[in-house]
Amino acid sequence: MQTNILEIKNVFISFGGLSALEDVSMDVKKGEIHALIGPNGAGKTTVFNCISRFYSPDRGDILFKGHSIMGYPAHKIANIGIGRTFQNIELFEQMTVIDNILLGYHLYARSNLFQSMLFIKKIREREIKIRRAAEDIIDFLDLQPYRVSLVGNIPYGVQKRVELARALAIRPEFILLDEPAAGLNKEETEDLYWYLLDIKEELKITILIIEHDMGFIMRLADNITVLNYGVIIARGKPEEIQDHPEVLTAYMGSEANAKG
Amino acid sequence: MRIVLKREYNDYIKVFDRPIKWCWVALLLILLFFIPFFGGTYFLSLMTMAGFYTIIGLSLILLTGLAGQISLGHAAFYAVGAYSSCIFVSKLGLPFLLAMILSGGVACMVGLVVGIPSLRLKDLYLAIATMAMAFIIEDVITKWESLTGGTFGLSVPPASIGGFVFDTEPKYYYLVMVIVVITMMLAKNIQRSGYGRALAALRESEIASQAMGINVTYYKISIFGLSAFYAGIAGSLYAHYAGFITPENFTFLLSINFLILIIVGGLGSVVGAVLGGLYMSLIPEGVKIITQMLPGFLEGIIGLDLIFYALILLAFISYQPEGFHGLWLKMKFYWDHFPLYKKGTFRKERKFYRKKIK
């Protein structure tokens, strides 16, 4: 029986007078790839930021594995097993690829100031351990050629992959991917498709993904939620969404508009 | 061209990639050990000053170079260290070593308080906040006459450890060098540990750091505390060396000089702090030599040396924003890759540092 890993319940949020999310509720089942789609400005990234606790909803609740996360500060979200990537790549640019991934392991290599000042044996051992783990991720996402290059110097497509690697490094149960295929060419998108399937099947990580590439999403997603102007207009399997009248209206405009 | 093969994970964690570099360090330490035997007293005093500046440089390299926070208030931490050490030794009768560490602790407390605005402010605004703090502390020191002697200053007893008094120039030189080496090793360890990596992440992107589970509040405040601790230690050493301190020694100009120190030395590494420290203590001598060579009518113009400092700083910011340390890396790179070196190799780095300085 599939249980819900994430439940968003009646979330409202507004910035100034603009209400960005209105009564948004959605469930993500454990082990699925769930897509969140919608036209620009629909509030998709706002949903992500609410889950990451960068924003606090005005009303409503978000449950992760049955527990409310509303009381956690943003840096605790990684701790409970939620990783994420960003729409405009937020990598640590002046650091190498491997350092970026090692930072993903921060939770497993936390050391207090005095321990690290003295660089005691425990710290050295821990560093070696996370480096070994980081190499596994590098293998998994085929990043070997870029291991020690500065992130600022590598191609955009690879940067996206590094960001994915970093999100995987926190050993999440659930990851939020904000437009991972944006700006990628056809070949890279195809690679990404297989990586994501691997993540779902091999690593057993649940994925919530925002994406505009419809072909990609229809192939990849198990379930889709459609958001428009902060309101959920449809949810269901990809094939149901494809022919959903309201979704078509949201994306293409209504017939009345077309005539007008 | 030389490629150092890394066979174990430990090779990435080591301080030096090749063992030969330890020999160079040993050689340098031997050289430092023998300086008092052939350098004159005056040169020795310059080296001792370079030691204080190096500790300050380390403090700022951790804060600015690593964590990306700026402080224009380091002279205040330095002053707090100097005064509290003096008060601990002369009024409370504590032994010097304990007083030094405690005064670092007092500076650290001040630093933690100053760290709080860094949670909300960035760049220029943070610089202004720390500057304001520096003025407040300067005022407190001047006005609190019963404790600090106000503008009359305080005389500081010489440092002594277990009955051994560091009263001569060479003795104090050794004391300072030992502490410099210790603080340098600690700073290097911070830089290569997970703690240092988290600080660097903070500098690059706060939002991503949070998503990685890095507690931004904790890291920002603790790095301010640590940086102030270092500055406090340097201040304490300075006070016992100078023998007499007044608020005049710790003006705002000093804070700016400290920033110049790390810009010229190089923001990126621990070595930069040493180079910057040497620069700070030796440059007045260099400028003196230059002014002596100038034609007679320029003699006696007040502030001529300041013009030189400014020119040097400008030259560094526009042509060598990586500082002396970057220059050294470039030279090394040039020889390693001799026929393959091209002009654009360091373009990205230069751009990055220039952005950071601004």
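In the predicted model, helix H11 of chain B is followed by B:Gly243, a residue whose phi is positive, near 85 degrees. Of the 27 residues of H11(B), 22 are buried, so the helix is largely enclosed by the rest of the structure.

The largest nonpolar core has 169 residues. The residues with the most contacts inside this core are B:Ile56, B:Leu62, B:Ala79 and B:Ala234. Its largest share, 14 residues, comes from H11(B). The surroundings of B:Leu62 can be listed individually: with residues up to four places away in sequence left out, B:Leu62 touches B:Ala67, B:Ala187, B:Ile190, B:Ile223, B:Leu226 and B:Ser227.

Chain B as a whole contains 16 helices and 4 strands. Its radius of gyration is 21 Å, close to the 21 Å that the globule rule gives for 358 residues, so chain B is as compact as a globular protein of that length. Taken along the principal axes, the box filled by the C-alpha atoms of chain B is roughly 65 × 55 × 45 Å. Buried residues account for 43% of the 358 residues in chain B. Among the contacts in chain B between residues at least 6 apart in sequence, 76% join residues at least 24 apart.

Chain A contains an open sheet of 4 strands with antiparallel pairing, in the order E2-E1-E4-E5. The edge strands are E2 (18–29) and E5 of chain A, each of which pairs on one side only. Strands of a sheet pair through backbone hydrogen bonds, either parallel or antiparallel. Within this sheet, strand E1 (residues 4–15) and strand E4 (residues 59–64) of chain A pair in the antiparallel sense over 5 bridges. In this pairing A:Lys9 stands opposite A:Asp61 in E4(A).

Strand E4(A) also pairs with strand E5 (residues 67–68) of chain A, in the antiparallel sense and over 2 bridges. Here A:Leu63 stands opposite A:Ser68 in E5(A). The hairpin of E4(A) and E5(A) has 2 residues between the strands, and A:Lys65 takes a positive phi near 50 degrees in this hairpin.

The two chains also meet: 37 residues of chain A are in contact with 29 residues of chain B. On the side of chain A that touches chain B, the elements giving two or more residues are helix H2 (97–104), helix H3 (113–118) and helix H4 (121–140) of chain A. The largest share of that side, 6 residues, comes from H4(A). By class, the side of chain A that touches chain B comprises 18 nonpolar, 10 polar and 9 charged residues.

Key
Residues are numbered from 1 along each chain as its sequence is written. Chains are lettered from A and ligands numbered from 1 in the order in which they are written. This is a predicted model: local features need pLDDT of at least 70, side-chain atom pairs count only at pLDDT 80 or more; totals for chains, interfaces and linings use all residues. A residue is buried if 20 or more other C-beta atoms lie within 10 Å of its own, exposed if 12 or fewer, and partly exposed in between; C-beta atoms are placed from the backbone. Two strands pair if DSSP finds at least two bridges between them. A nonpolar core is a set of buried Ala, Val, Leu, Ile, Met, Phe, Trp, Tyr and Cys residues joined through C-beta atoms within 7 Å. Two residues are in contact if their C-beta atoms, placed from the backbone, lie within 7 Å. The radius of gyration is taken over C-alpha atoms; the globule rule is 2.2 Å times the number of residues to the power 0.38. Ala, Val, Leu, Ile, Met, Phe, Trp, Tyr, Cys and Pro count as nonpolar, Asp, Glu, Lys and Arg as charged, and the others, Gly among them, as polar.
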